[in-house]
Amino acid sequence: MSRVGVLVLGPAGAGKSTFCNSIISHMQTIGRRAHIVNLDPAAEATQYEFTIDIRDLISLDDVMEELHLGPNGSLIYCFEYLMNNLDWLEEELGDYNDEYLIFDCPGQIELYTHIPVLPAIARHLQTQLNFSLCATYLLEAPFVIDSSKFFSGALSAMSAMILLELPHINILSKIDQIKDDYSKKKLKRYLNPDPTLLLDSTNETWNPRFQKLNKTIANLVDDFGMVQFLPLEAKNPESVATILSYIDDVTQWAEGQEPKEPKEQTEIEDM
Ligand SMILES: Nc1nc2c(ncn2[C@@H]2O[C@H](COP(=O)(O)OP(=O)(O)OP(=O)(O)O)[C@@H](O)[C@H]2O)c(=O)[nH]1
Ligand SMILES: [Mg+2]
């Protein structure tokens with residue numbers, strides 16, 4: 001039986017670590033177990049302790065001091081060091097079998113856009129350690145509802161999808177921050193985005209010079225089938241449960257588990 005790994009990705013501050021913790025607490029309420037594998041060398045302690053922690057392998061501060069690198073360069077150095085020491089990760093991962101391992105990743109976007117470290121680690125997990133992996137990509141709802149930012153967010157999610165070549169679930173995080181003062185209908189437009197529709201509102205505000213570029217990006221997002229985003233409110237177990245059922249389905253953790261349909265419009269109101 002393959003082991004389930006969830007890579008939690010997304011820009012800095014998108015809510016990745018909070019999401020990891022909300023999965024753990026939700027799993028506890030439903031009698032399942034999961035472990036957090038911290039891959040962020042700059043991580044701070046969170047509600048649940050890390051079962052595996054990259055900081056036990058290498059310290060960001062030491063790298064900055066000894067190699068005179070800045071925070072970003074040191075972080076990338078730590079990640080490359082991990083890639084060159086996958087036997088350490090292998091040993092740490094031991095034999096967690098039927099429990100989820102949730103890989104809380106750093107927010108440096110370059111790790112998902114042009115540095116091939118994460119894909120190498122993912123491939124190692126799949127081919128050598130028999131993991132069934134799913135990537136979850138978080139984008140903050142308050143950021144995305146500005147249609148011009150929607151496209152940049154969608155493009156960063158797409159580059160992670162292309163780089164990692166993993167089953168992928170896009171998540172709009174911090175929905176609670178917008179759901180009250182934001183029309184539900186409009187929110188749905190971002191959960192199941194129709195990029196060409198979003199284009200109209202972007203073009204209203206953008207310099208006409210960029211209209212052709214916007215249209216190309218909108219078509220790219222449309223053709224790529226960015227499909228939908230699932231809404232996440234970390235403190236709302238319902239939203240965590242729905243996302244978890246999708247991850248179960250994608251990783252076939254529970255054979256044939258039907259993913260719960262995302263809440264109907266009316267149900268979003270209750271969230
Ligand atoms: N309102 C609201 N705030 C949230 C939610 N999830 C996370 N936050 C807040 O967003 C901030 C960043 O959350 P983190 O979980 O640390 O984000 P992260 O993506 O792990 O950040 P980095 O590790 O720095 O990349 C914190 O202040 C959280 O409390 C949410 O669902 N709703
Ligand atoms: Mg974090």
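**Entry 1**

I count a contact where heavy atoms lie within 4.5 Å. My classes put Ala, Val, Leu, Ile, Met, Phe, Trp, Tyr, Cys and Pro under nonpolar, Asp, Glu, Lys and Arg under charged, and the others, Gly among them, under polar.

Before going on, I note that this is a predicted model, in which local features need pLDDT of at least 70 and side-chain atom pairs count only at pLDDT 80 or more, while totals for chains, interfaces and linings use all residues. Residues are numbered from 1 along each chain as its sequence is written, chains are lettered from A and ligands numbered from 1 in the order in which they are written, and side-chain values use heavy atoms, with hydrogens and water left out.

Back to the pair. Helix α3 covers residues 71-83 and helix α6 covers residues 117-127. Their axes come within 10 Å and cross at roughly 25°. I take an axis as a line fitted to C-alpha atoms, for helices over the stretch in contact, with angles from 0 to 180 degrees between N-to-C directions. At that angle, α3 and α6 are therefore roughly parallel to each other. The scale I use is this: under 35 degrees is roughly parallel, over 145 roughly antiparallel, 65 to 115 roughly perpendicular, and the rest oblique. The crossing of α3 past α6 is left-handed. Left-handed means that the near helix is turned anticlockwise from the far one by less than a right angle; clockwise would be right-handed.

**Entry 2: the whole chain**

I stepped back to the protein chain. It has 14 helices and seven strands. Both are DSSP runs numbered from the N terminus: helices are H or I with at least four residues, strands are E with at least two. The chain has 271 residues, and 52% of them are buried. Buried means under 20% relative accessible area, exposed means over 50%, and partly exposed lies in between (1.4 Å probe, protein chains only).

I also checked how far apart contacting residues sit in sequence. Among contacts with a separation of 6 or more, 73% join residues 24 or more positions apart. The accessible surface comes to about 12,700 Å², and 50% of it belongs to carbon and sulfur atoms. These areas come from the Shrake-Rupley method with a 1.4 Å probe; for residues, only the protein chains shown count as cover.

**Entry 3: α8 and α12**

Next I looked up helix α8 (residues 147-164) and helix α12 (residues 211-224). Their axes come within 11 Å and cross at roughly 45°. That makes α8 oblique to α12. This crossing is left-handed. On the α8 side I find F151, A154, L155, M158, M161 and I162; on the α12 side, I217, A218, L220, V221 and F224. The contact has 11 nonpolar, no polar and no charged residues.

**Entry 4: α1 and α13**

How do α1 and α13 lie to each other? The axes of α1 and helix α13 (residues 237-251) come within 10 Å and cross at roughly 90°. The two are therefore roughly perpendicular. F19, S22, I23, H26 and M27 of α1 meet P237, V240, A241, I243 and L244 of α13.

I then picked two residues of α1. H26 sits in this helix, which spans residues 16-29. Is H26 buried or exposed? It is buried, at 13% relative accessibility. Leaving aside neighbours within four places in sequence, H26 is in contact with P237, V240, A241 and L244. From H26 to K16 I read 15 Å between C-alpha atoms, at 10 residues apart in sequence. S22 is also found in α1. S22 is buried as well, with a relative accessible area of 8%. S22 touches A234 and V240, not counting residues up to four places away.

E165 is not a glycine, yet its phi is positive, about 50°. E165 lies in the loop between α8 and β6 (168-173). E165 is exposed, at 63% relative accessible area. K174 also has a positive phi, near 60°, and is a residue other than glycine. I place K174 in the loop between β6 and α9 (176-179). At 23% relative accessibility, K174 is partly exposed.

Last, I looked at E65 in helix α2 (residues 60-67). E65 is exposed, with 61% relative accessible area. Its C-alpha atom is 16 Å from that of Y81, 16 residues apart along the chain.
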